[in-house]
Structures are given as C-alpha cells and as structure tokens.
Amino acid sequence: MKLIERIPIQMLILNLTAGIVCITGMLVMNYHLDKIVKNYEQNTETCMKERLIMSDLCRLMGRHHIIVSWHTLTALSEEKNAYEGKAGNLQSEIMGRLEEMNGHSFTDEKEQLFHTVYSNAVSYFANAENVFQMSREGNSETARYYVTSYLADFIDEITEDIDTMDGYVAAEMAETDREMTGRIRAAEIGERICICCIIIVTAVCMMLCVGITSRLEKYKNQLEKENERKTQALIHHNRKMLSIQENAIIGMADLIENRDQDTGEHVKRTSRYVELLARAAQREGYCSQLLSDDYVELLVKAAPLHDIGKIAVSDTILQKPGKLTAEEFEAMKEHTTAGGRIVAEVLKGIEEKGYIDIASQVAACHHEKWDGSGYPNGLQGKEIPIGARIMAVADVFDALVSKRCYKEPMSVDRAFDVIRESGGSHFDPELAGIFCKIKNEVEEVLWTEQS
C-alpha cells in the first residue's frame with residue numbers, strides 16, 4: 001500500500017517536469033512561428049506589390065507607345081486630340097506608379113535601377129511630346145522615325161531595367177523562403193523534443209501503473225461481482241413489487257366487476273381494446289402531443305380501474321336484471337365520481353402522480369359523452385380527457401358484445417355499427433372511426449379471450 005501511496009507523487013513530479021519542458025519548447029516554437037509568419041507576410045506583401053507595380057509599368061509604357069504610334073498614323077485632328085488625351089492619362093498613371101515605388105525601401109542595386117527607370121521614363125515622355133508636336137505640324141515621317149527609334153529604345157531600356165529589378169525581387173523572395181525554412185526546422189526540432197519528453201513520461205508512468213494494476217484488479221473484480229449481485233437483486237425486487245402491485249390492482253378490479261355478475265375478462269378485454277385504440281390513434285397522428293408512449297403505457301395500466309367506483313354502489317342495483325329506476329340510475333351514476341375519488345385516495349403515495357391522474361380521469365369521466373349529454377359533469381368534446389374518451393369506446397364496445405344480467409350479447413358487426421353511428425354524439429368521432437379501422441385486431445382479442 002505504501003507503494004501505491006507513493007505512485008501519485010512520483011507521477012505528479014514526472015508530469016510537472018515534462019510539462020515544464022514541453023511548455024518551454026512550445027514557447028520557443030511559438031516565437032519562431034510568429035517571427036516566420038510576420039516576416040514572411042511582410043516580405044511577400046512588399047515583393048508582390050513591387051512586382052505588380054513593375055508589371056503595370058511595362059504594360060502602361062507599352063500602351064503609351066502604341067497610342068503615340070497611332071497619333072503619327074492618323075491625319076484627323078479629332079483623333080489626334082483623343083490620342084493625346086489618352087496618352088496624358090497614361091502618363092499620369094505611370095508617374096503615379098513610379099512615385100508609389102519611390103516610397104519603398106530599396107537595396108543599393110534596386111535604388112540605382114529605379115532612378116535609371118525614372119530618368120528614362122521622364123526622357124521618354126519628353127520625346128513623346130516632341131513626336132506629338134511633329135505629328136500635329138505634319139512631319140509624320142519624322143514623327144514615325146522617332147517612334148520606332150528613340151521611343152522604342154527608351155521602352156526597351158525601361159523594360160530591361162524593370163526585368164532586372166524583378167530579378168532582385170525574386171531573389172529577395174527566395175531569401176525569405178530560405179529563412180522561413182530554417183525557422184520551420186527549428187520549430188520541428190522543438191516539437192520533436194516535446195514529443196520525446198511526453199513519450200518518456202508516458203512510458204515511465206505506465207511502468208509505475210503496471211506495478212499496482214495487478215493488485216487493484218482483484219479488488220475491482222470483487223467489487224464488480226458484488227455490485228452485479230446487488231443490482232440483480234434490486235431489479236428482481238423491483239419487478240416483484242411491480243408485479244404484486246399490478247396484480248393487486250387488477251385483482252381489486254376483478255372483484256368489483258364480479259359484483260355485477262360479470263367476470264374479470266371484461267377488465268382484460270377493455271384493457272386490450274384501450275391499448276389497440278391508443279396505438280392506432282398514435283399511428284394516425286391523432287392528439288400526438290398527448291398520446292406519447294409513456295402516456296399510452298400508463299393509460300393501459302389504468303384501464304382496469306375504470307369501474308372501481310362501483311364498490312360504492314349497492315349489490316341490489318348492480319345485480320338488478322331489469323331496467324333501473326330513475327333513483328337507481330342516479331345512484332349508479334355516482335360510481336364515476338366515487339371512482340375518481342377512490343383512485344386518488346387509495347393510490348396516493350403508492351403510484352406515481354401521472355398514473356394517478358390518468359386513472360382518476362378514466363374512472364371519473366368514461367361515461368361523459370362527446371355531445372355533453374353524459375355524466376357526471378356533462379363535459380363536451382375535447383373537455384373530456386383523451387384517456388377517458390378512449391376508455392369510453394372500449395367499455396361500450398365490450399358491454400355491447402358481452403352478456404349481462406339485463407341483456408343478451410350483440411353481434412360484433414352490429415356493435416361496430418353502433419360505435420360508428422355514435423361518433424359525434426356519444427364518442428369522439430375520430431376515435432370512433434379509428435376503432436372501426438382496427439376491427440380485425442379487436443375481433444382477434446375478443447375471440448382469444450372467449451376461447
């Protein structure tokens with residue numbers, strides 16, 4: 001255990017050492033990279049500007065020479081004036097480029113060449129003015145001679161000097177590249193040093209960790225087995241408790257249904273019908289914000305409690321074979337209000353609030369009708385909770401096709417007709433339509449339960 005206690009301190013010291021070395025290396029690399037980027041950007045930008053200016057000078061000088069040539073070839077005064085205007089504009093632009101270059105810092109060789117270019121350009125423009133003068137005075141032959149000789153010589157000299165300056169600029173860019181390459185190499189060396197330090201520290205730390213891994217492994221395995229055992233025991237216990245709880249709820253619902261001479265099969269069938277109808281409504285996109293998977297699961301679980309309020313109704317009324325009197329029917333109607341209250345009181349603290357809310361709504365409102373003629377509160381349309389609307393369809397359908405003490409069972413086809421015809425009056429019209437669409441699934445549940 002003492003070895004285990006020393007390991008963190010040793011690893012901390014090693015990591016601090018490696019961190020200091022790596023940080024130093026990164027600072028050195030950062031310094032080099034900053035310098036590389038700054039110098040390279042400055043030199044590249046300056047060189048590119050100079051080369052663009054020199055390229056423009058060659059292009060503009062060539063255009064000026066062509067315009068002077070055109071001036072000597074035309075005899076129309078209007079065209080001569082136009083050419084002179086264009087030449088003046090080009091001269092201003094060329095001199096502007098030269099002044100822009102004059103603001104740059106040059107080496108001695110470039111400085112000397114620049115002054116030569118500047119001087120030749122000034123001389124060229126002076127001779128160009130002479131050519132314009134001769135051309136205007138009618139000495140076209142002499143003017144053309146000047147264009148092809150003196151002016152052409154000036155253009156050649158200027159172009160040659162600019163090309164030489166461009167070579168100097170290219171050499172400066174190459175020198176910048178060499179300097180950048182050297183600094184990159186220095187940065188790479190620093191990076192490799194940092195990587196080596198990290199690798200060494202990692203290897204040492206791994207060696208130290210291996211020393212305690214075997215000791216910790218057996219404790220880890222023991223803890224995992226103990227955890228797994230306790231987890232499985234807890235899962236088994238929870239499942240058992242849930243099963244007991246659900247069976248108690250269903251058993252209580254069966255006992256209540258048996259009081260009015262029905263069997264517990266009504267509870268099972270209506271729960272299955274509720275699930276089928278709720279899932280079908282989900283697929284149709286009906287009330288998608290309410291009918292989530294969690295809601296449907298709780299609704300199916302709550303369905304067996306829809307008639308729990310009958311526990312408060314006397315056997316005389318529940319088991320009466322004939323039609324109930326008005327007073328007896330009013331007493332029977334109380335099972336909805338009682339059911340909602342009983343669910344809320346009995347399940348409080350046992351079940352989650354969401355389940356209690358749904359079960360209470362189903363017990364209290366499954367006899368409400370879409371047109372508002374139901375009981376106990378005369379709710380209308382979507383005022384009736386969605387769970388109670390679904391329960392109403394399932395409960396009435398099973399009542400129609402089941403034998404009761406006061407009636408014979410109705411045929412399945414006729415029961416579906418009643419559900420369809422009652423859509424919009426007794427039932428939510430959309431739910432009634434959806435229920436009729438799943439007739440085959442409902443019949444399968446009915447035949448399975450009856451067989």
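The structure is a predicted model, in which local features need pLDDT of at least 70 and side-chain atom pairs count only at pLDDT 80 or more, while totals for chains, interfaces and linings use all residues. Residues are numbered from 1 along each chain as its sequence is written, and side-chain values use heavy atoms, with hydrogens and water left out.

Helices (DSSP runs of H or I, at least four residues) are numbered from the N terminus. Helix α5 (residues 265–284) packs against helix α6 (residues 293–302) at an angle of about 165°, and their axes lie 9 Å apart. Axes are lines fitted to C-alpha atoms, for helices over the stretch in contact, and angles run from 0 to 180 degrees between N-to-C directions. The two helices α5 and α6 are therefore roughly antiparallel, a term for angles over 145 degrees. The contact (heavy atoms within 4.5 Å) involves S271, V274, E275, A278, R279 and Q282 of α5, together with D293, V296, L299 and V300 of α6. By class, five of these residues are nonpolar, two polar and three charged. Here Ala, Val, Leu, Ile, Met, Phe, Trp, Tyr, Cys and Pro count as nonpolar, Asp, Glu, Lys and Arg as charged, and the others, Gly among them, as polar.

In the second pair, the axes of helix α9 (residues 353–365) and helix α10 (residues 386–401) come within 8 Å and cross at roughly 50°. Residues Q361, V362 and C365 of α9 meet G387, A388 and M391 of α10. This contact comprises four nonpolar and two polar residues, with no charged ones.

Terms used. Angles under 35 degrees count as roughly parallel, over 145 as roughly antiparallel, 65 to 115 as roughly perpendicular and the rest as oblique.
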